[in-house]
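Open the model in a viewer and keep the sequence panel beside it. The stops below say what to select and what is there.

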Amino acid sequence: MCGIAGFCDFQKNFTTEQEKWNQILIDMRTSVAHRGSDQSGEYLRENIGFSHARLSIRDILGGAQPMIRKAGDFEYAIVYNGEIYNTEEIKPALEQAGYHFETTSDTEVILYAYMEYGMDFVTKLNGIFAFGIWDGKKNQLLLYRDRVGVKPLFYTLKNDSLVFGSEIKALFCHPYVKPEVNLDSFREIFGIGPARTPGCGVFKGICEVKPGTCVLFSKDGFHQFAYWKLKAKEHTDSYEKTVDTVSFLVRDSITRQMVADVPVCSFLSGGIDSSIVTAVAADFLQKNGSLLNTFSFDFVDNDKNFRSNSFQPAQDRPFVDKMLKACHTHHTYLECDEYQLVDSLFDAVSAKDLPGMTDVDGSLLYFCSLVKQQNKVALTGECADEIFGGYPWFYRKDLFEADGFPWSKDSSARIVLLNDDFIKKLKIDEYSHSRYEESLHDVPYLEGETAEEKRRREISFLNIRWFMQTLLDRMDRTSMAYGLEARVPFADHRIIEYLYNVPWNMKYQHGVEKALLRDACKDLLPDEILHRKKSPYPKMYSPNYEKLLAERFSALLKNSNAPVNAFLDPKKADLFLSSPKDYGKPWFGQLMAAPQMMAYILQIEDWMEKYHLQPCLS
């Protein structure tokens, strides 16, 4: 993985002030250097500038970027962040077409594939990616993002210039781009957050290339088109054939994602998803004479403080131990205490450039910093719940039928600390519901489906477009903050396309979520893991963590210079601090309850301070 950045302007000639614009490229690259500190480089021509910070995973010596190739008198250049898992399938046809490969990197395969096949070449790729290609023949810039948005790519249009980067902070290194917010920014923060509307960068004027989309910028202007969309198809496979297909696709995806010129590790929670990934990866390495590194995450004293609830019925540690008995790996137990967790809340804002999933982001950021000390590449179990139906809103009637985002059903908890005037200005119910209805217009259905079948598709589509994207954003920023490449085998587009059309009665059976996945991988796992009830990412249950949050939150309320106080209600805040904190009623997903609301406000304050943002009350 890497950090990419650049700019394009057809009204300028950057080479007339080469030193100035090259320094801007260096500044942009430096801002995302945490994503890759192994190599760096810049590319500056009349209308285009590229910059690249490289994390060397494949072809350590030969894959430097920006990569430049010539065809006749014309130059083609690329800056790329990601991994392509099927390069060996694409490469032979390119060699037959006369292309000579100077490296073994996937970067060169991408660039030559574009030169040979044109803009639609991207449909041949299996992988996670965000890249920019400069076509010197057509004098145009193309920005591509992978099908489901594993890798980020932000951009803005200012004064005829298109400015882009892997992270928002890179854009602010360009002289035309300043951090600004408007009322819609706070509607995103309070009405949608920690999710984001697809394509929205929250800051005023900042956008993100949508998943499965290509942006084309030339003298003719700015254009974008979707090269990939989910399609509704009739599922005719028997259950047995479906199990076999899922079994093949999951194992094939994991095996493909073992490709690297550095050791690969895995995150192991003891849940079914990460255990499947670990089992396949460990077997793959054992056949090649190597041992898989595995890491589990928990919090200090959670064995004493854990509180079982409907969302999180059991701790992870006992199940991790059971998996380790069945699967031989080199395992490391990682823990985070409440002091490290509170401090990490603010590091997470810096990593994401936005407030996020509070202590989940913070702890994952901390854990990734420790994993990176041993490995550069990690496999994760993310995304299985979104496509196999693991969350309660897939099957709980009240959530399934909610007229809005089911993971954010109760908006009252989102505004519990805000003053009434700001609540009236935000109109977050109206804003959130509009975003929800816009998404429903894009859901692919089959003709003749029942109302329930249509709702099943809607829930699946919303999870892929919204909830999964939030978790992928979290994983990318927290891992890449320390130059750790996190891969997500379950996000393989072949799995997503197939599962979108598998009937619900195959995914959920006898009151058991993800029954299809369990059947497809039952030979990989011990029974205790195979039949374990869904349990989300671990969280901190220490009373001292709540105390630390309350202390910082109280200090914030007393700070007359804190910009966030412009829209907080002191009386509501005092009442909130004196009330019991309910862990069983989350306001986002399954993990963000009352303590996380305090943490979220602290993150919003930190975000506004870091970027010198005004409350924007009108």
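## Stop 1: helix α7

Select α7, a helix of 16 residues that reaches 23 Å from its first C-alpha to its last, close to the 22 Å expected at 1.5 Å a residue. The model is predicted. Colour the helix by accessibility: 12 of the 16 residues of α7 are buried, so the helix is largely enclosed by the rest of the structure. The buried set begins with Ile 272, Asp 273, Ser 274, Ser 275, Ile 276 and Val 277, and goes on through Thr 278, Ala 279, Val 280, Ala 281, Ala 282 and Leu 285. Just after α7, pick Gly 289, where phi is positive at about 75 degrees.

## Stop 2: the largest cavity

A search of the whole structure finds 10 cavities of 30 Å³ or more, and the largest cavity holds about 650 Å³ of space. What lies nearest the centre of the largest cavity? Select Ser 269, Glu 382, Lys 534, Pro 536 and Tyr 537, the nearest to the centre among 38 lining residues. Helix α7 supplies at least two residues of the lining, as do β14, α12 (384-388) and α16. The most comes from α16, with 4 residues. By class, the lining of this cavity has 18 nonpolar, 8 polar and 12 charged residues.

## Stop 3: the largest pocket

Now follow α16 (451-480), which also supplies at least two residues of the lining of the largest pocket, as do β12 (221-226) and α15 (428-440). Which of these elements gives the largest share of the pocket lining? That is α16, with 6 residues. About 700 Å³ of space lies in the largest pocket. To centre the view there, select Lys 210, Pro 211, Asp 442, Phe 461 and Arg 465, which lie nearest the pocket centre out of 28 lining residues. The lining of the pocket divides into 11 nonpolar, 6 polar and 11 charged residues.

## Stop 4

In soluble globular proteins, nonpolar side chains tend to be buried together. Here the largest nonpolar core has 184 residues, and Phe 190, Phe 388 and Trp 607 touch the most other members. Apart from this core lies another, of 19 residues, among them Phe 10, Ala 77, Val 79 and Leu 143.

Zoom in on Phe 388 and show its contacts beyond four places in sequence: they include Val 246, Val 250, Phe 490, Ile 495, Leu 499 and Trp 504. The contacts of Phe 388 also include Lys 507, Lys 514, Leu 516 and Leu 517.

Next select helix α6 (residues 239-256), with 18 residues and a reach of 25 Å from its first C-alpha to its last, close to the 26 Å expected at 1.5 Å a residue. Val 246 and Val 250 are buried in α6, and both touch Phe 388. An α-helix has 3.6 residues a turn, so residues three or four places apart point the same way. Other buried residues of α6 include Thr 242, Val 243, Thr 245, Ser 247 and Leu 249, as well as Asp 252, Ser 253, Ile 254 and Arg 256.

## Stop 5: backbone details

Two cis peptide bonds can be picked out. One joins Gln 65 and Pro 66, with omega about -5 degrees; Pro 66 is in the loop between β3 (48-54) and β4 (67-71). Another joins Gly 193 and Pro 194, with omega about 5 degrees, and Pro 194 is in the loop between α5 (183-192) and β10 (207-208).

Then go to Asp 301, a residue other than glycine with a positive phi, near 70 degrees. Asp 301 sits in the loop between β14 (293-299) and α8 (302-305). Thr 358 also has a positive phi, near 45 degrees, and its place is in helix α11 (residues 358-371). Are these residues buried or exposed? Asp 301 is partly exposed, because its relative accessible area is 35%. Thr 358 counts as buried, because its relative accessibility is 0%.

## Last stop: Thr 104

Finish at Thr 104, in the loop between α2 (87-96) and α3 (106-117). Thr 104 counts as exposed, because its relative accessibility is 53%. Draw a distance to Thr 87, 17 residues away along the chain: the C-alpha atoms are separated by 9.4 Å.

How values were computed. Residues are numbered from 1 along each chain as its sequence is written. This is a predicted model: local features need pLDDT of at least 70, side-chain atom pairs count only at pLDDT 80 or more; totals for chains, interfaces and linings use all residues. Side-chain values use heavy atoms; hydrogens and water are left out. A nonpolar core is a set of buried Ala, Val, Leu, Ile, Met, Phe, Trp, Tyr and Cys residues joined through side-chain atoms within 4.5 Å. Buried means under 20% relative accessible area, exposed over 50%, partly exposed in between (1.4 Å probe, protein chains only). Contact means heavy atoms within 4.5 Å. The expected span of a helix is 1.5 Å times one less than its number of residues. On a 1 Å grid over the protein atoms alone, a cavity is a set of points where a 1.4 Å probe fits but cannot get out, and a pocket is an open set with protein on both sides within 12 Å along at least five of seven lines; lining residues have an atom within 4 Å of a point. Grid points are joined across faces, edges and corners, and a volume is the space filled by probe spheres set on the points. Ala, Val, Leu, Ile, Met, Phe, Trp, Tyr, Cys and Pro count as nonpolar, Asp, Glu, Lys and Arg as charged, and the others, Gly among them, as polar.
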